[in-house]
Amino acid sequence: MNLTLKIWRQKNNSDKGGFKDYKLGGVSKDMSFLEMLDVLNEELSAKGEDPVHFDHDCREGICGMCSLYINGKPHGPQQTTTCQLHMRSFNDGETITIEPWRAKAFPVLKDLVTDRSAFDRIIQAGGYVSVNTGGVPDANEIPIPKTIAEMAMDAAQCIGCGACVAACKNASAMLFTSAKVSQLALLPQGQVERKTRAEKMVAQMDAEGFGACTNTGACEAECPKGISITNIARMNREYFSAVVSSQNV
Amino acid sequence: MSWVSKTLKSTLGQKLLMALTGLFLILFLVVHLIGNLQLLLPDNGESFNLYAESMAQNPLIRVVSIGNFAFILLHVVYSIMLSRYNKSSRPIDYAMSKASTNSSWSSRNMGILGTIILIFLLVHLKGFYYEIKFGEMPMVDYEGVTYKNVFAIVAAAYSNVLYVAFYVVAMGFLGFHLSHGFASAFQTLGLNHVKYSPLIQKVGFGFAIVVPALFALIPIVMYIQSL
Amino acid sequence: MILDSKIPEGPLAEKWTKHKFNVKLVNPANKRKYDVIVVGTGLAGASAAASLAELGYNVKAFCFQDSPRRAHSIAAQGGINAAKNYQNDGDSVYRLFYDTIKGGDYRARESNVYRLAEVSVKIIDQCVAQGVPFAREYGGLLANRSFGGAQVSRTFYARGQTGQQLLLGAYSALSRQVANGKVKLYPRTEMMDVVTIDGKARGIITRNLITGAIESHSAHAVLLCTGGYGNVFFLSTNAMGSNVTAAWRAHKKGALMANPCFTQIHPTCIPVSGDHQSKLTLMSESLRNDGRVWVPATVATAEKLRKGQIKANDIKEEDRDYFLERKYPSFGNLVPRDVASRNAKYVCDEGRGVNETGEAVFLDFRDAIKRDGKDTISAKYGNLFDMYQQITGENPYEMPMMIYPAVHYTMGGLWVDYNLMTNVPGLYALGEANFSDHGANRLGASALMQGLADGYFVIPYTIGDYLAQNPAGKIGTDHQEFQKAEKEVKERIQKLLGIKGEKTIDHFHKRLGKIMWDYCGMARSEEGLKKAKAMIKELKAEFWSNVKVLGDNEELNQSLEKAHRVADFIELGELMVDDALNRNESCGGHFREEYQTPEGEALRDDVNFAYVAAWKYLGEGQEEELVKDPLVFENVKLTQRSYK
């Protein structure tokens with residue numbers, strides 16, 4: 001396959017940045033999208049040009065490090081992570097536009113690399129059960145109905161890639177935040193801190209500058225792990241009931 | 001900052017207000033439609049005029065109507081605030097976007113739809129509400145009692161084909177606004193459940209078609225009658 | 001040099017309990033006066049950082065990824081072992097200990113492995129308390145599945161994403177401590193060197209991967225939780241960023257590297273599809289619970305298959321060779337990884353491989369789907385099947401999967417004593433970065449167990465013993481050793497940037513990988529290893545004269561990051577070859593062709609090689625010194641491992 005790649009290049013956070021076109025030949029259908037970029041980078045490096053920087057690590061679709069807004073969609077045309085996207089999803093001669101995630105809360109560091117530490121801070125605000133190591137009851141002393149455990153797992157599958165934010169027209173982080181709020185709200189272990197957690201995580205989400213949710217459902221449609229917006233509804237419930245009933249004045 | 005104002009300043013709090021005011025306005029649409037459908041009764045407007053008078057006299061309705069205006073205002077003000085905030089959350093837009101593959105057009109354009117509906121609303125209020133309340137009204141007698149002939153004003157307005165067309169088109173936009181807004185309000189309130197959400201979706205879809213269609217029917221029928 | 005492994009006296013089952021009593025303690029009020037550096041935020045690092053911060057120590061946690069949650073522990077799929085015996089099928093701490101020792105082909109320390117089995121039960125309790133959504137039965141209690149090398153069901157799992165859920169659990173605990181101000185987090189920061197003062201580890205030098213700033217961080221103890229070095233093979237199931245740099249720099253500062261040649265080749269990976277391949281993808285071992293491994297019975301049939309004249313489903317039952325079930329009737333498809341991998345290699349070497357390259361065997365779910373229904377199979381393995389289809393473009397519900405072994409885990413690592421401390425005082429190694437628990441072969445679902453055991457339940461006790469004997473109080477970074485180390489790091493960076501050669505970094509990495517895979521992979525021989533050693537030396541010289549590293553230090557520079565890592569992999573590769581050459585026996589993942597039983601199984605030499613080979617760095621260009629740490633087996637009888 002021969003491709004034209006229209007890639008966002010930006011030297012650093014303060015650089016204005018812009019698109020640059022690259023021609024790439026000899027692309028195999030069996031390559032993953034990132035391997036295609038590896039080939040481009042090998043060519044650029046050989047020529048002495050700065051390779052295109054992009055985040056990636058596990059290349060198994062689970063670490064959530066890869067991103068890329070490909071041809072107008074986060075992680076490209078398939079509902080998967082970019083590392084699991086293969087070139088068989090593209091056609092010979094196609095022009096592929098590659099952009100970084102765009103959100104105020106995800107500033108671009110270089111080329112296609114963005115800073116997603118806002119997600120870490122949302123989790124730090126309350127995405128945990130406050131138990132210290134040791135001194136916990138036997139695992140089977142906390143029976144959990146299978147259906148509830150499954151629902152919690154559905155939410156817990158989030159890989160924190162940020163595709164939801166990238167897809168949302170408001171750059172909202174509701175799906176990410178709600179996935180963690182939901183997981184812990186569903187499980188008995190999460191009950192103790194349930195109200196405070198919802199309040200704090202929502203507050204942090206807002207403080208990071210993510211937009212509000214307008215229920216377009218784009219996040220769910222683009223989430224590589226298929227996290228459902230029922231989690232957002234659950235977070236709303238959690239939050240509203242928390243603010244009216246918690247002890248936090 | 002008190003917890004109330006803190007909540008109302010949060011994105012979720014603002015969304016809550018949008019949903020609650022939206023649902024109230026949806027309810028208002030139903031009541032308004034039931035009343036207005038009396039325009040189509042073959043009694044030369046008598047039931048409608050009596051209905052209009054009873055509404056004007058009922059103190060409860062007066063309170064509700066003030067509330068209604070307040071809710072419209074809140075819905076508008078908060079939508080502007082949220083839209084501006086949301087816009088600022090993505091300072092640099094994508095060069096290429098295929099949003100149509102992941103979400104409906106109306107869900108992404110509620111602001112535009114809402115603005116058009118607001119313009120309609122202003123014209124509508126000027127044309128009827130203001131006229132009825134403060135304008136020179138023709139009067140009519142039923143069994144010795146004199147009433148404002150609201151029907152006559154409406155009939156006069158709906159004999160103008162441009163006015164009718166404007167109404168019909170506006171109802172189309174209302175339909176699109178409702179097609180997202182109805183179910184969305186429930187989602188915002190946290191009412192998403194595997195058993196009930198499919199029903200809410202269906203009712204919302206039906207509502208978004210039937211209610212604006214019936215509203216649009218009134219000027220169309222009255223225009224035809226005027227010919 | 002003599003290594004003191006500090007194994008406590010007394011009966012095996014009492015060693016840890018006694019040791020916990022005997023170690024010195026740091027008073028709760030004094031803990032806040034001690035600083036601890038944790039490098040790496042995977043299962044071992046995140047759990048250690050969180051647990052130490054909970055105790056009151058000041059922790060600095062470093063990772064090269066953009067978030068601690070990305071560490072490669074996240075990719076572990078199948079599960080985590082624990083001797084809970086919830087299934088009432090005869091499991092016990094002793095059985096888990098025994099299975100692990102035997103699975104490791106008797107090249108691990110009894111005391112460490114027993115402790116691992118002992119604390120395994122607490123790990124599950126801890127993770128559940130954190131809200132890890134493990135799979136459950138309808139009654140609400142925890143579910144288990146079985147894994148290779150064990151005849152009991154003791155593996156806890158969260159669909160095919162157990163590593164992810166456990167890591168997110170540890171990450172949440174870590175995040176809580178970040179919020180509490182007890183952990184300071186340094187993401188996108190790479191450790192470049194360890195700083196030792198008067199023989200003790202006192203800090204590290206780091207490079208900020210965004211700005212390129214070289215910085216010094218001091219502490220009373222340094223924990224390396226930096227994972228394995230499988231990427232020395234270029235192609236492995238490790239993440240692209242997984243590297244040996246932290247461990248290797250520690251090694252060059254005096255820490256011994258133990259059993260570096262012990263690498264695990266995982267049997268169920270998706271086969272290589274072409275030269276462009278950047279990494280290999282693992283399919284969880286749990287698939288072998290229901291999938292049957294086979295190749296055509298004859299070379300002729302295999303050839304037809306490779307040419308595309310027939311399809312897998314056209315091959316009749318009697319023309320299939322379920323070679324694992326045939327050779328190992330009692331364990332069948334669930335033999336340990338080394339055995340499964342080696343046998344896949346044998347049948348492919350015979351010419352019975354099933355894909356175009358001839359390097360693949362089938363993993364077939366036809367019978368399981370017939371028996372349990374598609375829905376059941378999908379519920380168990382759905383995400384793995386989807387992943388397979390995504391990568392290969394084939395539907396595993398209809399066509400058997402194709403798999404081939406790939407480098408997956410490294411049992412070798414920094415030498416540590418019973419306290420997980422390297423021979424450098426104050427420098428610890430946890431998780432895959434150390435060598436301690438898996439011997440020559442790791443059993444499935446045991447890596448997660450070890451990482452969390454080390455971080456949650458071992459280091460919080462053992463670190464106190466060291467710290468209590470060292471004065472508290474601030475350690476500054478103005479000591480000349482910090483300045484010296486910083487200077488060396490900067491010089492090395494300038495040297496790499498200054499070579500301005502012709503060849504890209506990946507060019508060298510790929511060449512190194514091929515040498516390692518061909519000569520130090522699934523089968524090794526003296527001749528091949530000697531050849532490999534010469535080739536690596538040549539490669540190293542060429543790298544330092546002809547590599548092209550672009551850009552500057554003062555920016556986000558992925559070329560420079562990679563160059564550092566590859567330079568270290570080359571040196572490590574040479575040591576792995578030395579270690580494989582030295583070990584004139586076959587054991588677990590280390591298979592020397594000269595040493596095998598008539599049936600082609602690994603032939604150990606317990607008389608001469610029942611020791612940990614720890615290697616001491618003596619200086620640039622010098623051969624490393626072998627230090628033997630003898631393995632004493634008081635509780636298990638060393639036998640020929642049999643899974644027949």
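Helices (H or I, at least four residues) and strands (E, at least two) are DSSP runs, numbered from the N terminus.

## The model

This is a predicted model: local features need pLDDT of at least 70, side-chain atom pairs count only at pLDDT 80 or more, and totals for chains, interfaces and linings use all residues. Residues are numbered from 1 along each chain as its sequence is written, while chains are lettered from A and ligands numbered from 1 in the order in which they are written.

## Chain A

Chain A contains 8 helices and 7 strands. Its C-alpha atoms fill a box of roughly 60 × 35 × 35 Å along the principal axes.

Of the 249 residues in chain A, 63% are buried. A residue is buried if 20 or more other C-beta atoms, placed from the backbone, lie within 10 Å of its own; it is exposed if 12 or fewer do, and partly exposed in between. Two residues are in contact if their C-beta atoms, placed from the backbone, lie within 7 Å. Take the contacts in chain A with a separation of 6 or more: 71% of them join residues 24 or more positions apart.

## Where chain C touches chain A

Here 64 residues of chain C are in contact with 68 residues of chain A. On the chain C side, six helices each supply at least two residues: α3 (43–55), α5 (110–130), α6 (162–179), α12 (374–392), α13 (447–468) and α17 (558–582). Helix α6(C) gives the largest share, 9 residues.

By class, this side of chain C has 25 nonpolar, 26 polar and 13 charged residues. Ala, Val, Leu, Ile, Met, Phe, Trp, Tyr, Cys and Pro count as nonpolar; Asp, Glu, Lys and Arg count as charged; the others, Gly among them, count as polar.

## A sheet in chain C

Three strands of chain C form an open, antiparallel sheet in the order β7-β8-β9. Two strands pair if DSSP finds at least two bridges between them. The edge strands, β7 (189–197) and β9 (214–218) of chain C, each pair on one side only. The twist averages 30 degrees from one strand to the next. Axes are lines fitted to C-alpha atoms, for helices over the stretch in contact, and angles run from 0 to 180 degrees between N-to-C directions.

Strands β7(C) and β8 (residues 200–208) of chain C run antiparallel, joined by 8 bridges. Thr196(C) stands opposite Ala201(C) in β8(C).

## A helix in chain B

Helix α7 of chain B spans residues 150–157, and its buried residues are Val150(B), Phe151(B) and Val154(B). Seen down the axis of α7(B), they fall within an arc of 95 degrees, so they line one face of the helix. The arc is that of the directions from the helix axis to the C-beta atoms.

Their cover includes α3 (46–57), α6 (110–134) and β2 (145–148) of chain B.
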